[in-house]
Amino acid sequence: MNGREQLDFIYRLSFNRFGGTENELRAAKLILSEIEARGGSATLEEFPILAGEVTKATLTVTEPEEYTIPVMGVVRSGALPEGGVEAELYLGESGTKEDLTDAKGKVVLVDNLRQETYKNLVESGAVAFLCHSGRYDEDSARTDIERKFLRENFTKDVGHLPGLCMHSHDAIKLVQSGATKVKVELEATMGENTSRNVVAEIKGSKYPEQIVFMTAHYDSTWYGLGAWDNASGSANLLAMYEHFLCSPPLRTVRFIWCGAEEQGLLGSKHHANTHEEDVKNAVFCINFDMTGTAYGSNLTMITGTEELQNKVKELSLGIGYTSKYSRNVHSSDSAPFALRGVPTVGVARDGQAGGHSRYDVPAPLAAEPLSRCVKFAKCLAEVTVNCEDSEIPYKREMPEDMMEKLYKYFRIEPPKKETEDTK
């Protein structure tokens, strides 16, 4: 696939395809048909995901004067009794335990919705919480209130606390107006939906037991058409599949279009959790997420050793591919594999485009940067996929400093180091 063909595919995939919806299934079937049209085959790997629906969400200031504020309910935060709750408004600042000392029985406005903040809110005895999204200077008519979604790790140990989200400028107005009492309503349901990965594999002709993963998520956020994020990466992955279908590899290459990435890397987590032996045999992973902007800068995220970063840089310069490099966790579908010790490289591109908004449409993307991205990925892949067994340049190694970053990213307690007393 050249850049123009990739761009054409992006236009066809550019419809909202939020994880677990019928449109996500429609997108998976579109990818499946593209694979089959090239003479290949793939499977749909289903997995359950948490879901929820908000049917009513309101916020009314009742004292000292009455007015309403547009809000979105925080999905899977719970529900309030019919008719809502009226309570004193409490400014919870950054949501530390100290900030929430007197929050019991009140509706609490906080400046962020991190996991620790949510835990503190629940434990404070608040009856509901308020949060905000966007910049204070944004036009409400052109900017959506963020549809926040509480992931399982938020509620698993502490339960549910109903929450509402508003524009940041309305949060400022709420404070500046001297509001002291508010009424909040939240009617919502919780349940499960089904998402799926599209998985295609090309067996290696010489070292079939060794696997190279290539990944990209094909779902979108709740807003927009998901062109940049991540129909672009899905097109890159399809181009890579076509390349290796026409040029059979020495090692097995597994291509995974991951579902429900935007809800917490759910597709890649599922695959890593259910294919443990394959992950143990994996030698490398390349992930594509948000590429193809007509104007911007290439980004390369290395989750691995400094040696890996240096080799990737050297390869990039050798083919004239300029990029900004970061040795860190790529917040995308390569991360669950990196957590299990697989060295990964994330391929991306920043620039002028509308990620995570209603403006994520194909217009800011272009064929040439898509083509250039795939050219780089092919060179990166070939070095490992088709080298002799004794010559693998990207050794399966995850240094201690990178593991610490991965544990922090996934909010996992690192294993305790063995001492003389614990041996």
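This is a predicted model: local features need pLDDT of at least 70, side-chain atom pairs count only at pLDDT 80 or more; totals for chains, interfaces and linings use all residues.
Glu63 and Pro64 are joined by a cis peptide bond, and its omega is about 5°. Where does Pro64 have its place? Look in the loop between strand 1 (43–63) and strand 2 (67–69).

Arg76 is not a glycine, although its phi is positive, about 65°. You will see Arg76 in the loop between strand 3 (72–73) and strand 4 (85–91). Is Arg76 buried or exposed? With a relative accessibility of 11%, Arg76 counts as buried. Glu93 also has a positive phi, of about 50°, although it is not a glycine. Its place is the loop between strand 4 and strand 5 (107–109). Glu93 has a relative accessibility of 51%, and so it counts as exposed, the cut-off being over 50%.

Now for the helices, beginning with a pair that pack together. In general, the angle between the axes and the distance between the axes are what describe two packed helices. Here, helix 1 (residues 3–13) packs with helix 11 (residues 367–385) at an angle of about 110°, and their axes are 7 Å apart. That angle makes helix 1 roughly perpendicular to helix 11. Which residues meet where these helices come together? From helix 1 come Gly3, Arg4, Gln6, Leu7 and Ile10, and on the side of helix 11 they meet Ala367, Leu370, Ser371 and Val374. Sorted by class, this contact of helix 1 with helix 11 has five nonpolar residues, three polar ones and one charged one.

Next, let us ask how buried residues are arranged around a helix. In helix 5 (residues 168–176), the residues Ser168, Asp170, Ala171 and Leu174 are buried. Around the axis they cover an arc of only 160°, so they are on the same side of helix 5. After helix 5 comes Gly178, with a positive phi near 75°.

Helix 12 (residues 400–409) can be read in the same way. Met402, Met403, Leu406 and Tyr407 are buried in this helix. If you look down the axis of helix 12, its buried residues fall within an arc of 140°, and therefore they line one face of the helix. What do these buried residues pack against? Their partners are strand 12 (298–303), strand 13 (324–327) and helix 10 (335–339). Helix 12 is followed by Arg411, and the phi of Arg411 is positive, near 55°.

Cys131 is buried, with a relative accessible area of 1%. Cys246 is in no disulfide either, and its nearest cysteine sulfur, in Cys379, is 17 Å away.

Ser33 lies in helix 2 (residues 22–37) and counts as partly exposed at 33% relative accessibility. Along the chain, Ser33 and Ala126 are 93 residues apart, and their C-alpha atoms are separated by 50 Å. Thr189 is found in strand 8 (residues 181–202). With 45% relative accessibility, Thr189 counts as partly exposed. Setting aside neighbours within four places in sequence, Thr189 is in contact with Gly52 and Glu53. Thr322 is another matter: it is 133 residues from Thr189 along the chain, and the C-alpha atoms of these two are separated by 48 Å.

Methods:
Residues are numbered from 1 along each chain as its sequence is written. Side-chain values use heavy atoms; hydrogens and water are left out. Axes are lines fitted to C-alpha atoms, for helices over the stretch in contact, and angles run from 0 to 180 degrees between N-to-C directions. Helices (H or I, at least four residues) and strands (E, at least two) are DSSP runs, numbered from the N terminus. Angles under 35 degrees count as roughly parallel, over 145 as roughly antiparallel, 65 to 115 as roughly perpendicular and the rest as oblique. Contact means heavy atoms within 4.5 Å. Ala, Val, Leu, Ile, Met, Phe, Trp, Tyr, Cys and Pro count as nonpolar, Asp, Glu, Lys and Arg as charged, and the others, Gly among them, as polar. Buried means under 20% relative accessible area, exposed over 50%, partly exposed in between (1.4 Å probe, protein chains only). A disulfide is a pair of cysteine sulfur atoms within 2.5 Å. The arc is that of the directions from the helix axis to the C-beta atoms.
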